[in-house]
Amino acid sequence: MGRGKIEIKKIENTSNRAVTYAKRKAGIFKKAKEIAILCDVKVSLIIVSGSGKMDAMCSPDNSLSTICEEYHKHSKEKLWPAKHENLHNEIEMVKKENENMVIELRHLNGQDINLNHYELIPIEEALENGLISVRARKSELVNILRQNLEAKEEEHKRLICELHQKMEVVGDHGYHNHHHHHDQRLNLRDYNNAHMPLAFRVQPMQPNLQERI
């Protein structure tokens, strides 16, 4: 017996709906890729889920933007408002300016200078002006470094002077303390000499007195 016909309607159960979406999305993406390879056609597929998540695929060697541009060209329908077209034009203009800047930078670096005499003149002027600016900035930095060095030298001299002054003060204080202690020692010695009892030996008036006794 064959499979029964499935009624196509919204699946109310959230879990079942998510499972079915994942399976069928993988299947339709697979079919789109197969037809692109087998038939050598450009295929673009966009799916937006109920939660707002978008999934997209394009055939090999193609992009969604290129396929949309082809659709716009063949269908004559505008896929985006005029303001988006203006934005697209601005983006293209910025890209072009960026490419020109890259070319100019290569010319300034001495690369790809297969130019004629008149085309080389503005490049030479730009290099000369740039060199003048670089030299001016270099001189400015040298002056700043010199000023900083002079300031550090002055600070060093000031610190050395303060150190010498402090050493002189400490030296004078030590000198006075030394003489003060020396004077104290002299005064103490004089005091001891003045109050020390005299040591003397009594000689008997009659040295032979003991012998007689």
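What share of the 213 residues in the protein chain is buried? In this predicted model, buried residues make up 6% of the chain. The chain exposes about 19,800 Å², and carbon and sulfur atoms supply 58% of that area. Among contacts with a separation of 6 or more, 19% are between residues 24 or more positions apart.

The secondary structure consists of five helices and two strands. Read along the sequence, these elements follow the pattern α-β-β-α-α-α-α.

Helix H1 covers residues 14–39. Its 26 residues reach 37 Å from the first C-alpha to the last, close to the 38 Å expected at 1.5 Å a residue. At the N-terminal end, H1 is capped by Asn13, which has a side-chain oxygen 3.1 Å from the backbone nitrogen of Ser15. After H1 comes Asp40, whose phi is positive, near 55 degrees.

Three residues of H1 are named here as buried: Phe29, Ala32 and Ala36. The buried residues of H1 pack against strands E1 and E2. In soluble globular proteins, nonpolar side chains tend to be buried together. Here the largest nonpolar core has seven residues: Phe29, Ala32, Ala36, Val43, Leu45, Ile47 and Met57. Two elements, helix H1 and strand E1 (44–48), each give two or more residues to this core. H1 provides the largest share, three residues.

Val43 is one of the core residues. Leaving aside residues up to four places away in sequence, Val43 touches Ala32, Ile35, Ala36, Met57, Cys58, Ser59 and Ile67.

Strand E2 spans residues 54–58 and includes Asp55. Is Asp55 buried or exposed? Asp55 counts as buried because its relative accessibility is 16%, and the cut-off for buried is under 20%. The side chain of Asp55 makes a polar contact with the side chain of Lys25, at 3.4 Å. Beyond residues up to four places away in sequence, Asp55 touches Tyr21, Lys25, Phe29, Leu45, Ile46 and Ile47. Of these, Phe29, Leu45 and Ile47 belong to the nonpolar core described above.

Lys76 follows H2, and its phi is positive, near 60 degrees.

How values were computed:
Residues are numbered from 1 along each chain as its sequence is written. This is a predicted model: local features need pLDDT of at least 70, side-chain atom pairs count only at pLDDT 80 or more; totals for chains, interfaces and linings use all residues. Side-chain values use heavy atoms; hydrogens and water are left out. A nonpolar core is a set of buried Ala, Val, Leu, Ile, Met, Phe, Trp, Tyr and Cys residues joined through side-chain atoms within 4.5 Å. Buried means under 20% relative accessible area, exposed over 50%, partly exposed in between (1.4 Å probe, protein chains only). Helices (H or I, at least four residues) and strands (E, at least two) are DSSP runs, numbered from the N terminus. Contact means heavy atoms within 4.5 Å. A polar contact is a pair of N or O atoms within 3.5 Å; within protein, one must be able to donate a hydrogen and the other to accept it, and residues adjacent in sequence count only if both atoms are side-chain atoms. Accessible areas come from the Shrake-Rupley method with a 1.4 Å probe; for residues, only the protein chains shown count as cover. The expected span of a helix is 1.5 Å times one less than its number of residues.
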